[in-house]
Amino acid sequence: MLKVNERDNVAVALREIVAGTEVEVPGRGVLKAADDIPYGHKIALEEIPEGHPVVKYGETIGLASTHVPEGGWVHTQNMGPVEVNS
Amino acid sequence: MSGFNGFERPDGTVGVRNHVVVIPSVACANGVAAEIVRQVPQAVPLYHGHGCSRAGRDLELHFRTLSNLARHPNVSAALVVGLGCEVIKAELLAGEVLRTGRRVEYIDIQAEGGSRRSAEKGAGIVRKLLADAAEESRTAVGIDRLIVGLECGGSDAFSGITANPAVGVLSDLVVADGGTVILTENTEMIGTSHVLERRAVSPEVAERIRDMVARAEKRTRDILGPLASMVIAPGNMDGGMSSIQEKSLGCITKGGGSPITQVVDYAEPPTGKGLVLMDAPGYDVESMAGVVAAGAQVVIFTTGRGNPIGFPIAPVIKVASTSKLFASMEDDMDVDAGTVLERGIDEVAREVLRLMMGILNGEPAKAEMNRQDGILCLYTTGPSF
């Protein structure tokens, strides 16, 4: 598990994780995977309510399109685009 | 960081290679260029699909890119092969090369009386140019003469946390020593404009960044509609990237944390030093042509899914985001940045730096060993006529 920035609410899986497995996240402690997490994908470090930001690199990378449980797999099935104000 | 040994050119630039190139002025001359290179394999071909039936912005882009590649610091001399009836005539391109004091010759297929006569004559010219190039030697120069181009292609979730942060540290070292780094791929800056604007050296540069990213976003929205901000190449999605913001933040870390001194157009050489942004698309092969045409003598290319491409006249250093990729495509990958997880970012950055210095001094990059020359893909904004 790798958490890139202190403010992140997701971490990157450094190996494939099977649902129910307990994993160690440096700087956070033990976390139980709620879903299968593919290699290189994101796991929620905390519950993310629908509409709330998904944070990586300390910045918002998208909004939860549905409720994401702690330990859940975060990807396009539950994360939608954030409005871009360039 | 010590300097490097390069080929000093009459126009003040420094090459890290001493190529003799065969460049068609138009796609119709690719076949003759290919026959010349078959006869003289030491020559480097710059095949492309352009040179005619364009006007306005695209003609300007293509002419600037082809000219700047033919007179690139890594090029000792050029043979331009034209057809005769095209828009970008061989004589015009050769004239641009001549302005830098480089050796240049040109032939037109229609004037020479066809393919075979043109190829024979071209091969003879190229043999002479190669013999002259062999007499040229390297001299020691400082990092202030170096332009490093940055690219990423086939990114995965690790690109942004292993390879790109390590290259970011290297970028800061190059800039600190007076060198220049070009960060590009404007579609991969969408959603991160505010981060880049904060680092601009002046309000004018910040405004150019804002304009560039806004245009990239508008273009993406125009082409892709409501899906725009979610659309990333399928390979990236499979690798665990879930939005363009996520990919963009991971992408811009390659540039490090230096102030942004300038925004240049596609294939436009920077006028100053430091970290420079280029207004070029996210399509790696097109943006790489723009970065090299702007004068980058070397490209550092991070990849997560594994992209083997090189560039005909510039070494392209491949930094693999994972040890798994490095092991599975070892023939193509120069550095294993997957070791960031054990060794730390700074140590991997130092390895990339050591490797880059060796390559600047003449060691081949893996893409050069594999002759990953390919074909030039040039940024194009509209249809041909």
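Helices (H or I, at least four residues) and strands (E, at least two) are DSSP runs, numbered from the N terminus.

**Before starting.** I'm working on a predicted model, where local features need pLDDT of at least 70, side-chain atom pairs count only at pLDDT 80 or more, and totals for chains, interfaces and linings use all residues. Residues are numbered from 1 along each chain as its sequence is written, while chains are lettered from A and ligands numbered from 1 in the order in which they are written.

**Chain A, layout.** I went through the elements from the N terminus and got β-β-β-β-β-β-β-β. That makes eight strands and zero helices for chain A. The C-alpha trace spans about 35 × 25 × 20 Å along its principal axes.

For burial I used C-beta atoms placed from the backbone: buried means 20 or more others within 10 Å, exposed means 12 or fewer, and partly exposed is in between. On that count, 40% of the 86 residues of chain A are buried. Contacts mean C-beta atoms, again placed from the backbone, within 7 Å. Of the chain A contacts with a separation of 6 or more, 45% come from residues 24 or more positions apart.

**Chain A, a sheet.** Two strands pair if DSSP finds at least two bridges between them. I found an open sheet of three strands, ordered E1-E4-E7 in chain A, with antiparallel pairing. Strands E1 (10-12) and E7 (73-74) of chain A are at the edges with a single partner strand each, so one side of each has no neighbour in the sheet. E4 (residues 42-44) of chain A is joined to E7(A) by two bridges and the two run antiparallel. Which residue of E7(A) stands opposite A:Ile43? I looked, and A:Trp73 does.

**Chain B, domains.** Domain bounds come from an automatic or database domain assignment. For chain B the assignment gives domain 1 (19-133) and domain 2 (143-369). Their C-alpha centres lie 29 Å apart. The contact takes 14 residues from domain 1 of chain B and 12 residues from domain 2 of chain B. On the domain 1 side, the elements giving two or more residues are strand E3 (19-24), strand E4 (44-45) and helix H2 (56-70) of chain B. H2(B) gives the most to that side, with five residues.

Definitions and conventions:
Contact = placed C-beta atoms within 7 Å.
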